[in-house]
Each structure stands twice: as structure tokens, then as C-alpha cells.
Amino acid sequence: MKSVFASVFNWMDARLGLQDLLHLAQKKTVPVHRQTFWYYWGGLSLFFFLVQAFTGVLLLLYYRPGPEAYESVRQISFDTNFGWLIRSAHSWAANLMILAIFIHMFSVFFMKAYRQPREFGWWSGMGLLLLSMVFGFSGYLLPMNELAFFATKVGLEIPASFPLLGAKMASLVRGGLDVNEYTVQRFFALHVVILPALFLPLLGFHLWLVQKHGNALPPEEEDKPEAQRRTMPFFPNFFAKDLAMWLIALNILALLASLFPWELGPIADSLKPAPKGIHPEWYFMSSFQVLKIFGQWFPGASGEVIGMTLFTLGLVLWILVPLYDTSRKSGERARNATYFGLLALGILVVTTTWGYLAIR
Amino acid sequence: MSKSKTKIEKQEQDDLLSRRGFASAALGGVGLCYAAAVSYPVYRYLSAPVEKSAAAAAVTSVTPPDAVKLPPGKHMMFKFGARPALLIHHKDGTWAALDAVCTHLGCTVQYETENDRIFCACHGGIYDAKTGKNISGPPPRPLGKYAVTVSQDAVVVTREKQG
């Protein structure tokens, strides 16, 4: 038995170079220090993405876009064995994935892991976050329930308020002047074909960069002499801990999905007024609230435009951080970048909380 | 002295091995539990339509709509559970209800009025239109036969006892 395994391994090794991969995994190390905990969050984001791919394919087996969208999700939730659980896991893991990516992003930001040579890691990661949010926005419409209907309506009003081509673009995305069955069909194509086709190669690039450059050290570790830095082997030590984190994540997901099954709500009806207290998902709450505030400060459509412009400028500044915080030393620029990060985190937390308080 | 030391070392090694064995067995067991906890809902989710059509196939009797109006020499297709079936009102006034799934490779068969026989277009199988017996071509078995009960206002097709 063992010799059969060995000869199969040798046959494959001669053609695929498996031995090199093993050596690579054995040689690879992960730094051990006070901030090592944050190294797990990229892996957790990946775990939730895998859950999304798996449960997404399962939902694809029964979901029907177009005019039957709501009815098919109703059948999945109430007529199909464990359909409620698969859908609930997909919705919960979507939220947990965005949360994990946010934690991953902020930990990378504050550890200054975007500096040379990891700029492309930062940019590909930001691309993955933005794609994930489009995933969330498009997936949210697919059940075509009341909340989805209004969320999409409001979400598409934002590009529509842009001067010149805004309204045309929004109508093209919607497939009509109002959210309708063509919108569901379009968002479905976006959600299951276009976004995965963009996301997967970008994810591959991101993971390849992580493999190429290894884990970044936070500045206080970098200041230490090499002899004082500690590491652990990637395989099996870090790998085992990574798996343990995935297991914890799976348990949390299973508890949330089964104890708090995702609701379906009533079917979308364009003649029904929006229900009181309607609000976007938490990861859009901050931008929702910022737009609301600016809408109150500058009445009329200009408020939205000013809010969106400021938001976009902040995002661009955020994405370009590897270009202006370049110094390895902890000088004034590095401190300013940290303050910028704290400001961004503060605005995010304050406006999100504000948003939730305002709808109560 | 050195001899006893190696003995203790060996003893320790044995303990370690068994502890390692226990740990990997326990981990394997937990892993199996997780695999089962994930696979069971997924399996049931995937098999939901299979369960539905199996439940539909469990019917023992069907009343094809408007079959009572079928004149002699005419035939109709109807659904017996999940399967297509063929109801023939022969010119001599007798009725025949047959499973319409060819016993060769599962195509749906058709009644040929002009030849008074059942024909499968996929590979040329031919069956007797009254008994469902396989007459020529590749089919290995006769078509399944149902019992027909005709009354004033309905034709009822029932699964025959011998299966």
C-alpha cells in the first residue's frame, strides 16, 4: 500500500514538481509577535468566500431569476429540505466575509503592511473588497422581496444623481426606469458570472503575492534586531492554527445560520410604500448615513453629489496610501497615515452607529 | 545504569506514540462528525426533487382527464405518477393502459394507429398494443401493464398487483 502511494507520488512528482512545493511549505515561516492574531483574518476572509462559492452553487440549483425570483426563493426557504439553512448560511457568510475583510484591511493598514514591496497586495485587496461589496449589493436583490426592492432602488439613485450620464447608466444597469424583473436577471448575471470571473483571478493574484512576499512585520517588530524576532513554521504550526480558526468560523456560522435564519419578508410590490425603519446592510450604512447628512446640509440633489464626491476622494486617498506612506522609519508621514486610518475607522464607526440610531 | 535509562526512554517513546495515536484518532473522529454534519443537509437538499418525484410515483391509481370521452380507435398519453403512460381504446372496445417508457433505453414509446402496434423511435423496438409484449427489436422486456376500470363517468387506471 505504502509503496503504491510512493510510486504514484514519484510519478506525479516527476511531472509536477511536488517536492518543490513541499520544500516551499516546509521552509516558509510566519512571524510570531504580539500582533500575530491579525494574520488569520485574510485566511478567514478566504474561508467565508469558499463557503459563499459552495452555498452559492447549491442555491443556483433551485433559484430562478426573472419574474419567478421571489417564488423560487420562497420554495427554497419553505419547500426544499434544508433550503432555509443553505440560504441562511449564504446570507450570514456574506456578512461575515465582508466583516473579516474589513478587519483584515484595517489590520494591514495599521501594521503598515502595504509598504514596499507589498503595494500590489494592498491594491488587489482593495479590489477584492470593492468586488465583495458589489457581490453583496447584487445578491441582496435576488430574492426580490420588499427590502431588496427598495435597497436596489435607493442604491441605484446614487449613480443616477450624477450629472451627465448618471441617469442613463442607472437605467441601463436597472434594465428599465424602475426596478423590475429585468433588473433581477441582470443582477443575477452579474452576481454569478461577471463578478466571479473578475474576483477569482484577482484572488489568485492576491494569494500569489502573499506567498511571494510572506507576512509583513509591523514597524515595532521591524525595529528589533533579526536575532530577537521569533517565527513559527508555516507547516504544520501556522497551518494547524489556521484550520482551528476556520473551524471556529464554521461553528459561529452554523450557530448564526441555524438560530437566526435569514428572513424572506413580503414580495416586492412597486405600489406599496417603503416600510418604516428601512435601512441598508450594515456595510453600506456608513455611506448611507453620510449621504443623508449631506442631503440635510445641502438640500436638493447637490447634497448627494457633494457627499459622494467626498466619499470617493477619501476612498482614493485610502487606496493610494502605499504611495505616500513609503518610509520604513516611523517618521511624521507614517504617523499621519496612522492618524488617517484612525480617522477613517472613527468616521466608519460613528456614521454607522449614527445611522442605526437614526432609524430607530 | 545506561541500560535502565534507555529502557525508560523507550517506555516514554511508547507512551508518546500511543498519545499521538489517540490524538489523531480523536481528531479523525471529530473531523468525520463535521463532515457528516455538513454532508447530511447538503445531501437532503440535493435530493429534495428526487423525494418529491418518488412521492408522486407512489400513486396506485390515476384517473386520466376526459379519458371516458376517448372514442374507440383513439389513444392518449397521461401521467402515471412521474412516468408517461399510454391509454389505448381499441377498435374492438377493449382498453389497454401501458407504461410508455421503453424497456430498452428509456425513450417514450408511441402508439401507431395504422399498424396497431407500439413503436419506439429511438432504436426501433416494437410492442404489442394490447399486452405490451415486446415483439421485435432490442427491448428485453414487455412494457409495464396497468389495470383499466371503465365506468359511466370515468376511466380509472390502477397499478396491477403483481407489479
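In the predicted model, the side chains of Lys112(A) and Asp325(A) form a salt bridge, with a nitrogen-to-oxygen distance of 3.1 Å. One salt bridge is found across the interface between domain 1 of chain A and domain 2 of chain A. At this interface, eight residue pairs are also in polar contact, both members of each pair having a pLDDT of 80 or more.

On the side of domain 1 of chain A that touches domain 2 of chain A, at least two residues each are supplied by helix 5 (83–110), helix 6 (119–141) and helix 7 (146–160) of chain A. Helix 6 of chain A provides the largest share of this side, namely nine residues. Sorted by class, the side of domain 1 of chain A facing this contact comprises 20 nonpolar, four polar and four charged residues.

Domain 1 is made up of residues 32–217 together with residues 233–268, whereas domain 2 covers residues 275–360. Taken over C-alpha atoms, the centres of domain 1 of chain A and domain 2 of chain A lie 20 Å apart. Contact between them involves 28 residues of domain 1 of chain A and 29 residues of domain 2 of chain A. Together, the two domains of chain A bury about 2800 Å² between them, and 74% of this area is on carbon and sulfur atoms.

Attention now turns to chain B, where two hairpins were examined. Strand 6 (residues 117–120) of chain B pairs with strand 7 (residues 125–128) of chain B in the antiparallel sense, over four bridges. Within this pairing, Arg117(B) has Asp128(B) in strand 7 of chain B as its bridge partner. Four residues lie between the strands of this hairpin, in which Gly124(B) adopts a positive phi near 75 degrees.

Strand 7 of chain B also pairs with strand 8 (residues 134–136) of chain B; these strands run antiparallel and are joined by two bridges. Here Ile126(B) has Ser136(B) in strand 8 of chain B as its bridge partner. The hairpin of strand 7 and strand 8 of chain B has five residues between the strands, and Gly132(B) takes a positive phi near 80 degrees in it.

Technical notes. Residues numbered from 1 in each chain as written. Chains lettered and ligands numbered in written order. Predicted model: local features only at pLDDT ≥ 70, side-chain atom pairs only at ≥ 80, totals over all residues. Heavy atoms only, no water. Domains from an automatic or database assignment. Contact = heavy atoms within 4.5 Å. Buried area = accessible area lost by both parts, 1.4 Å probe. Salt bridge = Lys/Arg side-chain N within 4 Å of Asp/Glu carboxyl O. Polar contact = N/O pair within 3.5 Å; in protein donor to acceptor, adjacent residues only side chain to side chain. Nonpolar A, V, L, I, M, F, W, Y, C, P; charged D, E, K, R; others polar. Pairing = 2+ DSSP bridges.
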